[in-house]
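Thanks, everyone. I'll keep this brief. Have a look at the interface, and then we'll go through it.

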Amino acid sequence: MASDKQKKQNDRKQPMQYDIALLFPVLFLVGIGIVMVYSASSALALKKFGTSYYFLKKQSIFALLGIVVLVISCHIPYHIFRSLTYPLLILAAMLLFAILISGFGYSAGGAKRWFRIAGFTFQPSEFARFVLVIFLAYSMNKKMNRIKEFKVGFLPHVLVLCMFAVLIMLQPDFGSVVIFGAITWIMLFVGGVRISYLLGSLVLIVPIVYSLMVSADYRIERIMSFMNPWQYSADKGYQVVHSLLAFGTGGIWGTGIGKGYQKLFYLPEPHTDFIFSVIGEELGLIGVLIILGLYTVILWRGISIARNSRDAFGSFVAIGLTTAIGLQICINMGVALGLLPTKGLTLPFLSYGGTSLLMNMVSIGVLMNIGAMKKVRKRVTSDR
Amino acid sequence: MKQIKLRVIIIGAFFTFFFIIIGVKAMYLQVFRGSWLSQKAANQYEVSFKSSGKRGTIFDRNLREMAVSIDVTSIAAHPSQIEHPKSAARLLSKALKIDRKVLAKKLNSKKKFVWIKRKVTPKEAEAVKKLNMEGLDFILEHKRFFPNKTLAAQLIGFTDIDDHGSEGIEYNYDDDLSGEVFQYTVLRDAHGRGFEAEKMTGLSSSGKNLVLTIDSTIQYIAEKTLGETVKKFSAKSGMVIVMVPKTGAILAMAHVPLFNPNALKRSHRKYWRNRIITDPFEPGSTMKIFSAAAAIESGSSSPSSIFFCENGAYKMGKHVIHDTHEHGWLSLQQIIKYSSNIGAIKFSAVTGSEYLSRTFQNFGFGSKTGIDCPGETAGNLPPFRRWTKVDAGTISFGQGVSVSALQLIVATSAVANKGILMKPYVVQAITDHNGRLIKSFGPRRIRRVISEKTAGMLSRIMQTVITEGGTGVNAALEGYSACGKTGTAQKIDENGRYSYDKYVSSFIGFAPVENPKIAVLVVVDEPVKQHYGSIVAAPAFKAIAQKTLDYMHIAPKRKTDKVMVSLRR
């Protein structure tokens with residue numbers, strides 16, 4: 001009995017147990033990501049930077065940093081974020097505002113989305129996405145009893161979303177806005193906001209989204225090319241067509257790592273937006289299904305953490321972070337497979353991109369912390 | 001809390017649903033559409049590539065280069081990879097001096113590959129390389145260069161932009177000269193750069209070389225002299241052939257006006273062809289050599305047989321045939337020496353049309369010589385059965401029959417070669433890129449046309465032509481004996497009648513008489529100031545033959561006394 005008690009006390013001293021079912025797929029994906037980023041980017045890197053290892057080196061550094069921030073964040077009790085909500089919200093808004101001011105922002109491809117610090121780029125919208133989840137979780141948790149009221153449960157959250165949306169649209173980064181909106185919508189749904197408000201908001205948003213699409217030529221072209229990529233294969237449907245060709249070439253078993261062709265300047269951004277196509281070509285259907293399986297495990301863990309959280313705040317944060325990761329996966333893969341119109345979104349854990357990888361690792365860390373807290377609580381209750 | 005849990009599961013179901021769609025779509029693409037898509041992909045990154053080896057060199061008989069291929073750069077573009085077609089067009093048009101609009105059109109096209117400019121100068125290539133533009137391709141090609149410019153241009157011909165012969169020897173021997181063409185598949189990235197397959201540039205793919213029978217020095221002598229003659233008499237054009245009578249090897253084929261095949265566009269297309277081979281003309285009195293050959297060979301006449309020359313006017317039916325000088329009785333030898341048309345009619349009438357026709361045919365008239373040059377004409381020798389009496393008469397002195405300049409010199413060479421007709425040729429050897437012999441072409445005897453005895457008699461008759469009183473005095477050489485015959489043919493004008501102011505003046509001959517080393521034909525078309533072959537063409541023959549024999553180090557035998565008096569015709 002005494003030794004048993006001793007053991008349980010030790011357990012209590014060690015409140016953190018790593019969620020292997022969540023951690024393993026993440027680390028595995030990050031590992032595959034490093035290999036595939038190298039495979040996808042070596043030709044591009046050689047041409048642009050004179051060394052084929054350029055993206056490999058950076059992605060490896062990010063992966064190590066990512067593991068560090070994952071470990072740190074899973075040891076931070078997630079309740080701290082509740083008290084940090086407003087400072088984080090202000091910081092995120094300031095960062096988004098700052099990159100719009102010339103001199104701060106670093107633009108690529110016509111959009112200002114990054115800060116440049118000591119050779120590394122930082123993308124504030126990735127950070128803002130995390131903050132949005134925290135804010136919504138905090139706010140919904142606080143207003144739980146009046147969540148059905150329009151002015152309390154719906155309007156304030158939508159206003160914060162609009163603030164972010166406006167700042168991000170100015171970059172412009174339409175894809176991120178869509179993700180932000182979807183996260184908010186899903187979180188409000190989970191939080192218990194009236195379905196009529198949510199459906200009503202969809203009715204209101206459709207014309208807005210439509211007018212936004214028509215306002216920018218490149219967006220309508222993307223839509224057109226999505227409808228019929230082969231007809232536009234010479235210019236606008238080019239990306240999708242080459243992505244489809246990559247999947248087709250890969251077949252069941254793939255061409256083998258490093259042996260794909262579509263990454264050789266046929267696919268734009270083969271190491272970020274279209275890394276899934278490179279995987280499809282080089283690792284084949286087998287690789288695609290393995291990746292899909294790993295993501296399924298991650299989402300399943302996220303969702304069960306959300307279900308089993310000891311409090312509503314934890315549930316909201318967990319479902320928000322899981323949704324954010326899940327939506328990125330769905331949209332990125334959907335684009336690569338020609339199911340959705342082209343959006344510039346990365347594939348979590350796999351794509352090249354420092355901010356994206358770090359913020360997703362932080363999300364996993366926080367999820368693990370929420371998951372662990374539930375266990376601690378359970379044990380505490382059982383002790384009584 | 002319970003409601004939250006339920007809604008979370010709904011979200012989970014949503015993701016599950018979408019993941020299934022993703023999995024199904026991936027399976028559809030990778031399993032069911034796999035082969036179609038991968039074929040389509042292969043079409044994009046597999047580029048079949050044509051690479052042709054360097055075209056062989058054309059040498060003259062002393063291995064001096066007459067046509068060579070040099071490496072040049074051609075600039076092509078892959079329009080889909082040009083980021084800013086507008087500015088690219090502007091920069092390229094500046095560097096290459098081509099129209100910007102044309103370029104912009106090319107760069108905006110949907111083609112995978114367009115030529116920007118082929119065979120650019122090194123300077124232009126350098127300027128474009130400096131632009132460091134993406135989507136451009138620098139392709140090694142070969143350009144034909146003719147180091148002697150106009151020399152023997154009509155004979156050698158030239159090549160088109162794709163390095164294939166389109167005229168002359170270049171055309172006729174295109175298969176030998178062309179480098180081997182390799183077609184192989186390379187995998188290319190989207191920028192059009194090849195990867196995986198290294199560029200194959202085998203030396204063995206170079207084309208073969210040709211060694212001509214042409215001597216560029218003799219060619220130069222011929223062209224220079226002919227040019228001066230044509231200019232002096234304000235003629236339309238002129239031709240000269242120099243041939244070795246014993247072998248059929250052509251030493252020179254000169255045409256005036258000249259043209260420079262390095263700058264084709266600056267000359268008129270009508271000067272490009274090898275008229276010696278392609279253009280038939282009425283030869284006039286030079287034909288009397290072969291009429292005399294028929295007369296002697298048939299045994300119907302001997303050089304001393306005499307004929308009455310009707311004092312310069314001979315009525316045949318409605319027509320009256322004139323001689324330039326009035327003659328009474330002349331021997332066959334004298335008829336040739338003084339070039340009497342009436343005399344030729346008279347002795348040919350004795351020979352008979354059939355025999356005359358057959359002799360002409362045996363000399364090669366009316367059929368192609370089979371020389372290794374493209375576009376040869378057979379001339380026109382009407383069948384003797386259709387000859388009227390007048391026809392038979394005029395044909396005997398070279399009107400009413402058309403021949404090529406080549407046929408004329410080949411036939412004359414048979415006289416010089418003791419009666420044996422040789423096949424003319426201009427290519428004597430084909431060698432590989434190391435200069436090793438692959439194939440050689442030697443003299444080819446076609447047939448004996450006349451007996452050696454008849455040939456000897458004809459030579460002596462032709463020798464008298466350039467002695468005192470003959471029509472060819474102006475052709476007499478210093479230090480060498482020579483044979484010859486003048487020709488002055490009226491051209492047929494637009495109305496189909498013989499013109500009184502358009503002539504073809506010619507002189508044909510060979511030297512030295514004892515051992516003929518060269519036969520030379522000079523043809524001057526439409527000389528204006530004078531039209532007699534004796535005045536227009538004979539001096540050119542003399543200049544060419546004299547210089548050529550000197551150049552060939554043929555030992556002079558004796559000094560001819562300058563003959564001052566000359567007869568026309």
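Start with salt bridges between chain A and chain B: the count is zero. Keep in mind that this is a predicted model. Polar contacts do turn up. Six residue pairs make them between chain A and chain B, with both residues at pLDDT 80 or more.

Which elements of chain A give two or more residues to the side that touches chain B? Four helices: helix 7 (174-191), helix 10 (238-250), helix 11 (275-308) and helix 12 (312-336). Helix 11 of chain A has the largest share, with 11 residues. By type, that side of chain A divides into 32 nonpolar residues, 16 polar and five charged.

Now the extent. Interface size is often quoted as the accessible area lost when the parts come together. Here, about 4,000 Å² is buried between chain A and chain B. Carbon and sulfur atoms give 77% of that area. Who loses the most on the chain A side? Tyr261(A), Tyr266(A) and Arg307(A), together 16% of what that side buries. In residues, the contact takes 53 from chain A and 39 from chain B.

Last, confidence. The model scores ipTM 0.88 and pTM 0.60. Chain B averages a pLDDT of 87, and 92% of its residues score at least 70. Where does chain B fall below 50? Over residues 195-204. That stretch has 17 contacts in the model beyond near neighbours in sequence. Where pLDDT is low, predicted coordinates should not be read in detail.

That's it from me.

Technical notes
Residues numbered from 1 in each chain as written. Chains lettered and ligands numbered in written order. Predicted model: local features only at pLDDT ≥ 70, side-chain atom pairs only at ≥ 80, totals over all residues. Heavy atoms only, no water. Contact = heavy atoms within 4.5 Å. Buried area = accessible area lost by both parts, 1.4 Å probe. Salt bridge = Lys/Arg side-chain N within 4 Å of Asp/Glu carboxyl O. Polar contact = N/O pair within 3.5 Å; in protein donor to acceptor, adjacent residues only side chain to side chain. Nonpolar A, V, L, I, M, F, W, Y, C, P; charged D, E, K, R; others polar. pLDDT = per-residue confidence, 0-100.
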